Amino acid sequence: MNQYDVAVIGSGPGGYVAAIRCAQLGMKTAIIEKYSTLGGTCLNVGCIPSKALLDSSHHYEDAIKHFEEHGIEIPGDIKINLEKMISRKQAVVDQTTKGIQFLMDKNKIDVYEGIGSFKDATHITIEQTKGKSQILEAKNIIIATGSKPSSLPFIKLDKERVITSTEALKLKEIPAHMIIIGGGVIGLELGQVYKRLGSEVTVVEYMDRIIPGMDGGLSKELMRVLKKQKVKFLLSHKVTSVERKGKEVIIKADNKKGEEVILKGDYCLVSVGRRPYTDGLNAEAAGVALDDMGRVAVNNNLQTNIPNIYAIGDVVKGAMLAHKAEEEGTMVAEIIAGQKPHIDYNLIPGVVYTWPEVASVGKTEEELKEAGVEYKSGQFPMRALGRSRASMDIDGFVKILADKKTDEVLGVHMIGARCADLIAEAVTAMEFRASAEDISRMSHAHPTYAEAVKEAALAATDDRALHI
């Protein structure tokens, strides 16, 4: 029987980062993955492939809508080769997952392919293909089994016409009309991909706004831009049935007046969030407790009720984000090594990779109002930047929320070109408890999109933005 200091179940961003950090800290480490490729949902059927399709579809949209204005003329029809686009996406995935295998080899981490389940608190049974199995022993175990797409009780996911994000990443045709149930991050990103490629796209959302977890200003601006791109929205609509008839999918929903609305399309993407995945883990054999939402229950050190077993990422409470899982993987490895790391969950940024991109960190205006915190707000529009006009990316804004008395930055919310990258500046500033004036006095290169952060900080400091 092979023995380890640490065994990690699951090789997504949380799991593989935890394994690497454990190995760096001198621990003999194993990682167990049920699929033939490493990287979990994020690398295989989530973050990475969706970004590949977002980039490809963005290039196509630029070619048919914007190149001519730049003085670029392409004779003849510009055509989509969806098969090639999907193939490129898969090549990106393959290269990335092979990179994780390289990192495992480099750090001398043993990789086991199979379903890992608890035999007891220190032993894991690995069910491999062809009915084979083996058992390994570990002093410490990290559960990093991630999440799977959620559905609604009355929806039958046939994975052909009624699909999840996994199937949406490898369609063999461009839908004529894709109906998306759920106006969150995943639905909007994939909706924009297929809208660019020529699909009619309708988003049905139960709440009264899209991206409901983010600042209301971002929701409003993103919806304005997407409507301009001809995406249709049905907000405050409760889906009551989804039925497939041949190549047609019929969706029924009740609006806020209680009136029934019927939609017909050829594909329905069910994008109503994700659920923690513990199937086959056999947590009860180790005595590990789950909470009432099916997540592994953990304390502030991500330790379960069994002292040598930890859990990280989507399978525990908190935002289901790859970078949050990575931070947790690092933290648990360092705790096992006797160090005292910490995570400030308020400073885990959230990003929507539509175009314009949406990014946020810290408190929203709604949260500050609810908590009774006195704050000031500074906002600067992207269209006032020379860089934005040069690239024709003029939608969006940066908003900085700061404490009214101390000027400490409490939240930063932005929508615009490259905001997924710009948000790191806000995270850094808030990690060091910067004031809005601190940011306003830092030199930002000209011309850049980042100047909007400085201008928003000037607006928050004393309503003294320079370029508006």
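Let's start with helix α6, residues 185–196: its 12 residues reach 17 Å from the first C-alpha to the last, close to the 16 Å expected at 1.5 Å a residue. (The expected span is 1.5 Å times one less than the number of residues; helices are DSSP runs of H or I with at least four residues, strands are runs of E with at least two, and both are numbered from the N terminus.) Keep in mind that this is a predicted model, where local features need pLDDT of at least 70 and side-chain atom pairs count only at pLDDT 80 or more, while totals for chains, interfaces and linings use all residues. Residues are numbered from 1 along each chain as its sequence is written, and side-chain values use heavy atoms, with hydrogens and water left out.

Nine of the 12 residues of α6 are buried, so the helix is largely enclosed by the rest of the structure. Among the buried ones are Leu188, Gly191 and Gln192. (Buried means under 20% relative accessible area, exposed over 50%, and partly exposed in between, with a 1.4 Å probe and protein chains only.) After α6 comes Gly198, with a positive phi near 120°.

The structure holds two cavities of 30 Å³ or more. On a 1 Å grid over the protein atoms alone, a cavity is a set of points where a 1.4 Å probe fits but cannot get out, a pocket is an open set with protein on both sides within 12 Å along at least five of seven lines, and lining residues have an atom within 4 Å of a point. Grid points are joined across faces, edges and corners, and a volume is the space filled by probe spheres set on the points.

| Space | Volume |
|---|---|
| Largest cavity | About 60 Å³ |
| Second largest cavity | About 40 Å³ |
| Second largest pocket | About 790 Å³ |

Leu188, Gly191 and Gln192 turn up again in the lining of the second largest cavity, along with others including Val201 and Val203. Helix α6 gives the largest share of that lining, three residues.

As for the second largest pocket, 29 residues line it, and the closest to its centre are His58, Glu61, Asp62, Trp355 and Asp393. Helix α3 supplies the largest share of this lining, eight residues.

Finally, the rings. Tyr4 and Tyr112 have ring centres 6.1 Å apart and planes at 90°, so they make an edge-to-face pair. (Rings of Phe, Tyr and Trp, the last by its six-membered ring, pair if their centres lie within 6.5 Å; planes under 30 degrees apart count as stacked, over 60 as edge-to-face and the rest as tilted.) Both Tyr4 and Tyr112 are buried.
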